[in-house]
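Hi,

Here is the model I promised to pass on.

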Amino acid sequence: MIGGKYSKRFKKPHRFKSYGGDSSVVRIFLLSPFLFSTSCMLINILVLIECLFTGKPWLEYLQVIAWLLLINFALVNIMPYLSSFMIGKYVYFDREKQKVSFTFDIPNCTERDEFGHCCFDYSEVKLDIKHVFTDQTGAMTYVPIICHKDSYKYPKAKVTTIVNENARSTMECDILYEDIRRFMDKSKPLPESPEYEGFRHLDPVTAEHDKAIGRPASYWSEMSLTQQIEIGNKLFEPILELNELHPTEPLPELSEPWNYWKPDGKKREKAGIKREFMLIAMQLLTSKPM
């Protein structure tokens with residue numbers, strides 16, 4: 001059901017990489033049905049249990065629960081469509097055209113991308129890191145701010161993202177910056193990561209590179225999620241050992257990992273199916289968003 005210009009952007013993950021900013025209105029819109037439905041479901045289940053033990057009529061509460069299940073089924077399926085009309089504050093990077101676009105109005109911006117959003121050359125955008133309070137208890141964290149280099153001319157061209165609610169160092173912000181820098185480097189193929197596994201063939205540079213080295217087409221997808229997490233933790237260890245605040249020299253990139261790790265072949269493991277059923281049950285009971 002979801003169509004229009006926004007879906008075209010999300011259907012090209014090899015070209016666009018998006019990051020969301022603070023948008024309380026969108027959060028309220030998306031979470032309100034979930035909170036209301038969960039409260040109603042919990043109240044009716046508790047009352048139903050009480051009726052069963054006290055001998056009071058309980059059929060009407062069972063009927064309410066059945067109606068709530070149907071409503072939740074409808075909400076879970078329609079919310080993605082409704083949320084597509086509430087764009088909020090997002091910034092997305094265009095690997096193909098080397099542009100950076102913002103989904104909200106920015107004064108003095110004259111260039112627009114194919115979706116009608118304000119955009120700038122990638123070279124004009126930078127990443128700032130700020131130490132901020134995250135809640136009323138005074139917890140501090142580091143957050144990355146994607147913004148225009150000319151803050152005087154484009155003061156509103158910025159999006160603040162959250163990489164970790166309790167980041168005690170700038171490391172995770174640096175990782176985000178490196179992720180963006182590497183994605184936008186057209187001279188290299190997409191990074192060797194499960195994140196890009198499903199659409200590497202759509203990027204010309206990546207497709208040519210993978211063909212030249214004989215890369216297995218579905219290397220990461222042949223692994224179970226458990227194995228992917230284990231490998232990810234091993235790769236993260238040298239990053240933790242960095243002492244510099246902003247490393248100037250990048251670590252060696254992961255190259256041809258199939259020479260080091262063989263897929264365990266458990267991509268269809270029962271735990272995955274069990275998780276899917278649990279997710280469906282959770283959504284029917286609470287209309288919990290994905």
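Predicted model: local features only at pLDDT ≥ 70, side-chain atom pairs only at ≥ 80, totals over all residues.

Residues are numbered from 1 along each chain as its sequence is written, and side-chain values use heavy atoms, with hydrogens and water left out. Helices (H or I, at least four residues) and strands (E, at least two) are DSSP runs, numbered from the N terminus.

Back to H6. Gln227, Ile231 and Ile239 are buried there, where buried means under 20% relative accessible area, exposed over 50% and partly exposed in between (1.4 Å probe, protein chains only). The buried residues of H6 pack against H4, contact being heavy atoms within 4.5 Å.

H4 (residues 171-184) itself lies across E1, E2 and E3, at about 155 degrees to E1. For that angle, axes are lines fitted to C-alpha atoms, for helices over the stretch in contact, and angles run from 0 to 180 degrees between N-to-C directions. The helix has 14 residues and reaches 20 Å from its first C-alpha to its last, close to the 20 Å expected. Its buried residues include Cys173, Asp174, Arg182 and Phe183. Lysine 17 lies over the face of phenylalanine 183, at 5.5 Å from the ring centre; the rule is NZ of Lys or CZ of Arg within 6 Å of the ring centre and within 35 degrees of the ring normal.

Now the sheet. It is open, with 4 strands in the order E1-E2-E3-E4 and antiparallel pairing (two strands pair if DSSP finds at least two bridges between them). Strand E1 (16-20) and strand E4 (118-121) are at the edges with a single partner strand each, so one side of each has no neighbour in the sheet. From one strand to the next, the twist averages 20 degrees. E2 (residues 90-94) and E3 (residues 99-102) pair over 4 bridges, and aspartate 94 has lysine 99 in E3 as its bridge partner.

On to the aromatics. Rings of Phe, Tyr and Trp (its six-membered ring) pair if their centres lie within 6.5 Å; planes under 30 degrees apart are stacked, over 60 edge-to-face and the rest tilted. That gives 13 aromatic pairs. Phenylalanine 102 and phenylalanine 104 have ring centres 5.7 Å apart and planes at 70 degrees, so they are edge-to-face. Phenylalanine 102 is buried at 0%, and phenylalanine 104 is buried at 15%. Another edge-to-face pair is tyrosine 219 with tryptophan 258, 5.9 Å centre to centre and 75 degrees between the planes. Those two link distant parts of the chain, 39 residues apart, and both are buried. Ring pairs also join Phe102, Phe104, Phe120 and Tyr154 into a cluster, and lysine 89 lies over the face of phenylalanine 104, at 4.9 Å from the ring centre.

Last, asparagine 72 in helix H3 (residues 59-83): it counts as buried at 0% relative accessibility. Leaving aside neighbours within four places in sequence, asparagine 72 is in contact with residues including Ser37, Met41 and Gln283.

Cheers

Definitions and conventions
Expected span 1.5 Å × (residues − 1).
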